[in-house]
Amino acid sequence: MVSIIESGPWRDLAARAEELKTVRTASLFADEGRASAFSIEAAGVFLDYSKNKIDPETMELLLGLADKADICGAIKRMISGDKINVTENRSVLHIALRDYAARTYHVDGEDVSQAVRLERERMAAFAKRFEADSLLGYGGAPIDTIVNIGIGGSDLGPLMAVEALRPYWLPGKRSRFVSNVDGQHLSDILAECDPARTLFIIASKTFTTQETMTNAASARAWFLENGGDEETVAQHFIALSTNEIAVADFGIAPENMFVFWDWVGGRYSMWSAIGMAIALQVGADNFERLLRGAHAMDEHFREAPIRENLPVILALVGIWNRNFIGAAAHAILPYDQHLHRLPAYLQQADMESNGKSVLLDGSRTQTGTGPILFGEPGTNGQHAFYQLMHQGTDTISADFIAPALSATPLADHHEKLLANFLAQTEALMIGRDFKAVCKELEALEYPADQIEQIAPHRVFDGDRPTNSILIERLTPETLGALIAMYEHKIFCQGVIWGINSFDQWGVELGKTLAKRILPKIANIGGEVLPISDHDGSTARLINRVNTIRSQAETD
């Protein structure tokens, strides 16, 4: 395939970036209509991208790039069930999981929409039993605690959504999440649980994921050691999986196994049975509202022309900043504490999707692809890494996200939060030059020699690109729309770069090597066998670990 960087639009954008190097973003606001022209709204999400160094000419070139990459055709291929995940020969149809327009979706000639609807109904019925206190533990008391055991997409999505929707939690119900194979994670959670009132959700498509099944086995053993028995495992464990045999062997009742399909990627799976923890914690009705919010963004994405398409525009702005402005890192900065897990969730969604260096035809990319994502809620981040964003040597782009109204208003807290949300994007754009700093110091009556010494340290270059994403308030609908927006943005960027956004082979080698190393880790107090069949560093580390473990005394 011909790389996109060899196309006319790409070359024109590179030339335009050179022309704009001496232009200050703030100066572009001489056009009084700029803020309006460079903003867009869909499904309750408002995007202002006017603080990026993009002018009308640049925007037209970016839209031309989208045309060249055939974004419209790619969208059609995805929603048609084409196997766009070419390395795994799979369709990519997470939008089918939240479709409320009664459309049909076909995979290998089979309509999967009816199976999706039936599974949604099964999930809703189970969640309503939980809400009504009809799920009883082995002692006869209602189950009130959920422990979700998963990893990656089976953990990050549900955890993020449950935290985001905290104001919608069902009274008297609580949920906990275990992902790390570090036994301390599970142990800390189990210490908070009453086995007679706890429901474990084992989330693993294959029911073989090492971390998840290790935690699941230990949770099962804890349950049996603390009042449960083999017959009551079925009351306290459910599975989100496709492996019926392994689920049955674990002791989970067939009616408590909820399925999803191989055309649902892990990091796009919170809309499927993997979202069970969400449905249980906030209720079936609110889970449906979450799906309907995502559906509203899906409808916009599939119908709106590219110049009026919010996810496409967000993707193009990201391409411009990553490939032409030189921003290799991108910050996700939610000004809402309930979105504190959103940066981690989007790290997986974006970096696992577009952290690729090989094109669809197997050749190496010749340009940067997915940026490094990181972030923290505002205003915490302002007292941590914003220093580097403002005055560091690297350009970092950022999404600032905020609800205009707080879900839990308290005095003037939210007004102060919003003031910071608005001020930071302005500061990152306008900066502060040497002359302005000197003038301020003079007004404070600093001596001339101190001004000369101090002023350079207070200079901000500005011209740091940001997007402002505003919602009315954080609800199930707006959360769904926000996440769907990012999913579609990631997809569009992958299309433009010519990579497969839906596989993740980069995580496999480490898993394979871990399985090889595991038998070589000595038991505590056990015999030490010298290891040499690895590289020098790894072999020496294994031997050192084993020496420490062999000398350790058990309680």
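Arg-267 is buried, with a relative accessible area of 3%, where buried stands for under 20% relative accessible area, exposed for over 50%, and partly exposed for values in between (1.4 Å probe, protein chains only). The structure is a predicted model, in which local features need pLDDT of at least 70 and side-chain atom pairs count only at pLDDT 80 or more, while totals for chains, interfaces and linings use all residues. Residues are numbered from 1 along each chain as its sequence is written, and side-chain values use heavy atoms, with hydrogens and water left out.

Side chains of opposite charge can pair when their charged atoms come close. A salt bridge is counted here when a side-chain nitrogen of Lys or Arg lies within 4 Å of a carboxyl oxygen of Asp or Glu, and by this rule the model contains 30 salt bridges. Arg-267 takes part in one of them with Glu-352, the closest N and O atoms being 2.9 Å apart. This pair links distant parts of the chain, since Arg-267 belongs to the loop between strand S9 (257–258) and helix H11 (276–282), whereas Glu-352 belongs to helix H14 (residues 342–354), 85 residues apart; helices (H or I, at least four residues) and strands (E, at least two) are DSSP runs, numbered from the N terminus. Glu-352 is partly exposed, with a relative accessible area of 21%.

Another salt bridge joins Lys-356 to Asp-503, with 2.8 Å between the closest N and O atoms. Lys-356 lies in the loop between H14 and strand S11 (372–374) and Asp-503 in the loop between helix H19 (476–497) and helix H20 (508–517), so the pair ties together parts that are 147 residues apart in sequence. Both Lys-356 and Asp-503 are buried. In the salt bridge between Asp-70 and Arg-77, the closest N and O atoms are 3.4 Å apart; Asp-70 is partly exposed at a relative accessible area of 34%, and Arg-77 is likewise partly exposed at 36%. A network of salt bridges links Arg-16, Glu-19, Asp-55 and Glu-57.

Because Phe-200 lies in strand S7 (residues 198–203) and Trp-222 in helix H8 (residues 210–225), the pair ties together parts that are 22 residues apart in sequence. Phe-200 and Trp-222 are both buried. An edge-to-face pair is also formed by Tyr-386 and Phe-400, with 6.1 Å from centre to centre and 80° between the planes; both of these residues, Tyr-386 and Phe-400, are buried. One aromatic cluster is made up of Tyr-138, Phe-200, Phe-207, Trp-222, Phe-223, Phe-237 and Phe-250. Arg-220 lies over the face of Phe-250, at 5.4 Å from the ring centre, a charge being placed over a ring if NZ of Lys or CZ of Arg is within 6 Å of the ring centre and within 35 degrees of the ring normal.

Note on methods: Phe/Tyr/Trp six-rings, centres within 6.5 Å; stacked < 30°, edge-to-face > 60°.
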